[in-house]
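Have the model open as you read.

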Amino acid sequence: MAQTQVLIVGAGPVGLTLALDLGQRGVRCMLIERNETSIQLPKMERCNARTMEIYRHLGIAEKVRDAGLPRSAPMDVFLATSMAEAAIVRLPCPSVAEVKSEIAAHNDGRPLEPYQLISQYTLEPLLRSIVETLPNVTVRFCSELTSFTQDGDSVTAHVRTSAGADEIIRTTYLVGCDGGSSTVRKQLGIQLQGEGNIRKLRQALFHCPDLYEWIPMGKGRHYHIAEGPIFPFIILQDSTRHWTLHAAASSDDDMAEIFRRSLGMRAEFEMLSVNEWTQHLLCAERYGEGRVFIAGDAAHLVIPTGGLGMNTGVGDAIDLSWKLAAMLAGWGGPQLLASYEKERRPIGLRNVKASRAAMSGRQSWRAAYHPDIRKNTPQGAAIRDEMSSRFNVEHRKVTEILGIEAGYRYIDSPIVWLEPGDGPDPDNPQYVPTTWPGARLPHVWLSDPAKPQNHIALHDRLRAGYTLLRLGGTRVDTLNLERAMRATGAPMEVFDIEEEIAREIYGFDLLLVRPDLHVVWRSNQLPEDPGAIAFVATGRATAGDPAASCGSSR
Ligand SMILES: Cc1cc2nc3c(=O)[nH]c(=O)nc-3n(C[C@H](O)[C@H](O)[C@H](O)COP(=O)(O)OP(=O)(O)OC[C@H]3O[C@@H](n4cnc5c(N)ncnc54)[C@H](O)[C@@H]3O)c2cc1C
């Protein structure tokens with residue numbers, strides 16, 4: 001019988017990210033995948049800013065960018081009557097290189113990394129190749145979880161290989177990253193709640209090598225074709241030679257003809273695959289039970305409009321990973337794993353809501369469609385104007401949601417210090433930097449003492465444990481808090497930051513930051529019982545309990 005500390009079921013992007021983070025934290029884990037290879041079909045194509053920050057922290061952001069769409073490629077979104085016509089409207093979205101230089105030029109708390117277009121069929125093999133280099137991670141394809149049982153100490157998983165062999169794996173924890181039809185979720189009896197089976201669409205992948213260079217309206221990533229009722233939607237893939245088409249087509253055979261019509265120009269193409277997929281807006285009622293957890297599409301299913309599918313799942317993986325590592329290292333308290341569902345399920349529900357809003361924005365501009373839209377008449381022009389102005393407003397619910405991507409906050413988490421008041425709007429689509437407890441620590445640039453003309457990102461300096469940040473030249477003696485944290489056994493460092501700008505952005509002299517870079521506590525002075533903060537941070541007591549009752553004070 002094989003034994004491991006964490007068994008991860010499913011080598012999609014979420015399972016692979018979890019394996020990477022656990023592996024880097026020194027946890028022994030096994031990743032099993034029922035398929036023979038990584039995904040071949042196109043699905044997700046955009047890692048958002050937060051996912052790219054996470055990949056930077058894992059040391060792989062530049063590898064992801066090297067494998068993805070070139071950094072200088074525009075990311076614009078267009079609405080047109082065909083790929084050969086002028087745009088009805090263009091939403092400019094800067095290239096990675098442009099966002100990078102804006103980030104480098106500003107020190108105002110904006111996210112550290114821009115998005116990256118990379119097709120899921122490129123990302124998964126890349127992540128797999130990186131994970132396979134980690135000595136403490138075992139990756140097994142052709143291995144399907146069929147069932148499991150758990151007791152107080154471990155989980156026993158039954159796995160069948162594609163050669164028909166049955167195997168038993170004993171593990172301390174099991175995480176189902178096994179997608180929308182999750183065996184793990186079903187076996188735990190966890191229901192999905194919300195709207196299922198909303199609509200079926202077809203997706204086809206085309207090799208069309210010349211199109212990218214020929215599009216008269218300009219290079220971009222998304223082209224919406226104003227042709228009701230099927231509304232073809234053409235998406236650039238990372239090679240710039242492959243494209244996907246989404247359309248409400250009635251048969252697979254129609255897809256090539258819809259693509260030809262949408263091109264509106266002679267361009268050689270080959271249809272490589274067609275598949276049907278279904279839109280859902282669902283979130284699991286629970287995120288696990290006992291020693292078994294679910295993450296990614298196993299826990300939430302969104303409409304990909306807004307790109308909150310895989311990206312939300314990567315956030316789940318990063319939240320769960322350090323907590324599992326802490327339990328296995330022996331310093332995690334009983335609230336630590338309980339906090340996974342309390343932190344991530346509200347984000348799952350929130351992102352389902354944001355995905356619904358993005359979809360309704362799209363429906364709103366599509367409702368302005370009329371078959372006369374192509375006509376060179378005053379009526380045709382009026383239809384185009386109406387659609388254009390609706391697109392200009394409503395489609396930003398898809399493309400301008402940095403606050404949803406990077407501004408999420410763990411409200412009501414048992415392992416985040418309770419601060420009086422409501423805090424900033426956690427659903428603001430605009431990103432507003434905040435250190436309100438539960439939020440992700442905003443990025444700041446620090447000057448590099450070795451090369452003062454260079455800047456280094458504070459995020460890059462934070463290690464795998466907790467960090468106590470001391471800012472503004474504070475003279476508060478933090479020794480009691482440091483002692484209390486160290487007494488829990490948790491790894492912790494203290495970091496003094498001289499830069500006034502960091503104090504300005506963070507708003508406080510003292511911040512305790514978790515291993516996943518979310519803020520636990522902030523203040524200008526220590527409370528009477530700093531041990532209470534250490535107890536909440538490490539899950540030994542719940543925020544708000546009498547045992548952890550010292551309020552934070554400015
Ligand atoms: C058309 C489309 C476009 C999308 N665009 C975006 C986008 O731009 N941005 C975004 O964030 N998201 C997007 N998504 C969503 C994204 O693709 C998913 O959210 C993502 O794949 C979820 O990753 P996952 O690892 O949770 O699950 P999956 O990718 O579904 O991986 C689950 C893995 O588990 C394996 N598995 C299942 N059961 C078992 C078992 N019993 N034993 C072993 N292995 C098992 C499966 O074979 C699979 O490999 C899109 C989705 C679609 C359909």
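Which side chain meets that of Asp 372 in a salt bridge? Lys 375 does, at 3.2 Å from N to O.

## Ground rules

This is a predicted model, where local features need pLDDT of at least 70, side-chain atom pairs count only at pLDDT 80 or more, and totals for chains, interfaces and linings use all residues. Residues are numbered from 1 along each chain as its sequence is written, and side-chain values use heavy atoms, with hydrogens and water left out.

## Charged pairs

Back to that opening pair. A salt bridge here is a side-chain nitrogen of Lys or Arg within 4 Å of a carboxyl oxygen of Asp or Glu. Asp 372 counts as buried at 15% relative accessibility, while Lys 375 is partly exposed at 44%. For these labels, buried means under 20% relative accessible area, exposed over 50%, and partly exposed in between (1.4 Å probe, protein chains only). Searching the whole structure turns up 42 salt bridges.

Two other pairs are worth a click. Arg 50 and Glu 53 form a salt bridge at 2.9 Å, N to O; both sit in helix H2 (residues 49–57), 3 residues apart, or about one turn of the helix. Arg 50 is buried at 5% relative accessible area, and Glu 53 is buried too, at 4%. Glu 289 and Arg 286 also meet at 2.9 Å, N to O, but here Glu 289 is partly exposed at 35% and Arg 286 is partly exposed at 26%.

## H9 against H10

Now for a helix pair. Helices (H or I, at least four residues) and strands (E, at least two) are DSSP runs, numbered from the N terminus. The axes of H9 (residues 310–329) and H10 (residues 334–366) come within 10 Å and cross at roughly 175 degrees. Axes are lines fitted to C-alpha atoms, for helices over the stretch in contact, with angles from 0 to 180 degrees between N-to-C directions.

Contact means heavy atoms within 4.5 Å. On the H9 side, the residues involved include Trp 322, Leu 324 and Met 327, and they meet a set in H10 that includes Leu 336, Tyr 340 and Arg 344.

## The loop tryptophan

Trp 331 lies in the loop between H9 and H10, and this residue is buried, with a relative accessible area of 9%. Beyond its neighbours within four places in sequence, Trp 331 touches Trp 322, Ala 326 and Leu 336, as well as others including Tyr 466, Pro 491 and Arg 540. Trp 331 and Ala 487 are 156 residues apart in sequence, yet 9.4 Å apart in space, C-alpha to C-alpha.

## A four-stranded sheet

An open sheet of 4 strands runs in the order S22-S21-S23-S24, with mixed pairing. Strands S22 (492–497) and S24 (519–523) stand at the edges with a single partner strand each, so one side of each has no neighbour in the sheet. Two strands pair if DSSP finds at least two bridges between them. Helix H15 (residues 479–487) packs on the sheet, touching S21, S22, S23 and S24.
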